[in-house]
Amino acid sequence: MSRFPPESQPTPHPGPLAPPTTPGALSIPDRPAAWPSVLGIVCIVLGALGTLGGLWGVASSVMMMTGAMPVQTMGAGPATPDIAQSIRTMAPMQIVAEALKFLCGSALMLVGWFMYRRRPVARPAAVWWSIAKIVVALGSTAIAAWMQYVIMTDISRAVAADPSAPAQMQGVMTGMMAATIGVMVVWGIVWGCALPVFMLVWFSRAGVRAEVARWADRQHGWVS
């Protein structure tokens, strides 16, 4: 016989409505990083500007070398240097420098496209572009500074040979030449090397390298 009266027997517990669960780590969806799109667009825009600037630099240097573009000279007297001739003599070096700027701008657009489309080749392309761009920036800055030095030296000699020029004008011209060339060199190096140095530092980070490594496992052409 049961130990409980009929009215006091325990009612059976209802079965569980859901299977038991065990606590665990919550899965976080893999969200793509936003920097490839942002940095890729920046590279494409700056690359387009660099390409146009290099193209104009080549065209203007060729026109000055051939005489199609007039160059202002310091008078026509026998003691006045022919600055136009000096510019035409140095024009081939300027053409080479501007052509390299054109190539660097075109390559930067391609690097930006690789980043925007999240191609694994973006990292090595960006690293090699940065190295090449630093070399081109230093070389083109040196050529521009040398051309400025030659032109301002000719002007300084013309001023020194002019008997009507003030005696202190020579010192003023020397100081102006040093200041102009110094500013040109500093600006050329800072502006030309800022982006490539940033790219070298950025793609050397462990998190960025890991992000680029994941691109090989993703479908080509996928964009966030």
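Which residue forms a salt bridge with Glu-98? The partner is Lys-101, and the closest N and O atoms are 3.5 Å apart. This comes from a predicted model.

## Confidence

The protein chain has a mean pLDDT of 80. Of its residues, 70% reach 70 or more. Two stretches call for care when reading the model. Over residues 73-81 the pLDDT is below 50, and this stretch has eleven contacts beyond near neighbours in sequence. Over residues 220-224 the pLDDT is also below 50. Here the model shows 14 contacts beyond near neighbours in sequence.

## Salt bridges

The structure holds two salt bridges. Glu-98 and Lys-101 sit in helix α2, three residues apart, so about one helical turn separates them. Glu-98 is buried, with a relative accessible area of 8%. Lys-101 is partly exposed, at 29%.

The other pair is Glu-211 and Arg-214, with the closest N and O atoms 2.5 Å apart. Both residues lie in helix α5. They too are three residues apart, about one turn of the helix. Glu-211 counts as buried because its relative accessibility is 4%, under the 20% cut-off. Arg-214 is partly exposed, with a relative accessible area of 36%.

## Nonpolar cores

The largest nonpolar core has 19 residues. Those with the most contacts inside it are Trp-35, Leu-39, Met-115, Trp-129, Met-199 and Phe-203. Five helices each supply at least two residues of this core: α1, α2 (83-116), α3, α4 (169-202) and α5 (206-215).

Trp-35 deserves a look of its own. Leaving aside residues up to four places away in sequence, its contacts include Met-115, Trp-202 and Phe-203. Trp-35 also touches Val-208, Glu-211, Val-212 and Trp-215.

## Inside helix α3

Thr-141 lies in helix α3, which spans residues 122-161. Is this residue buried or exposed? Thr-141 is buried, with a relative accessible area of 8%. Not counting residues up to four places away in sequence, Thr-141 touches Met-184, Val-185, Gly-188 and Ile-189.

## A nonpolar surface patch

Val-38, Ile-41, Val-42, Val-45, Leu-46 and Leu-49 make a nonpolar surface patch of about 500 Å². Val-38 belongs to helix α1, residues 35-66. Val-38 is exposed, because its relative accessible area of 53% is over the 50% cut-off.

Note on methods
Residues are numbered from 1 along each chain as its sequence is written. This is a predicted model: local features need pLDDT of at least 70, side-chain atom pairs count only at pLDDT 80 or more; totals for chains, interfaces and linings use all residues. Side-chain values use heavy atoms; hydrogens and water are left out. Patches are made of residues with over 30% relative accessible area and no salt bridge: like charges are joined within 9 Å, nonpolar side chains (Val, Leu, Ile, Met, Phe, Trp, Tyr) within 5 Å. Accessible areas come from the Shrake-Rupley method with a 1.4 Å probe; for residues, only the protein chains shown count as cover. A salt bridge is a side-chain nitrogen of Lys or Arg within 4 Å of a carboxyl oxygen of Asp or Glu. Helices (H or I, at least four residues) and strands (E, at least two) are DSSP runs, numbered from the N terminus. Buried means under 20% relative accessible area, exposed over 50%, partly exposed in between (1.4 Å probe, protein chains only). Contact means heavy atoms within 4.5 Å. A nonpolar core is a set of buried Ala, Val, Leu, Ile, Met, Phe, Trp, Tyr and Cys residues joined through side-chain atoms within 4.5 Å. pLDDT is the predictor's confidence in each residue, from 0 to 100.
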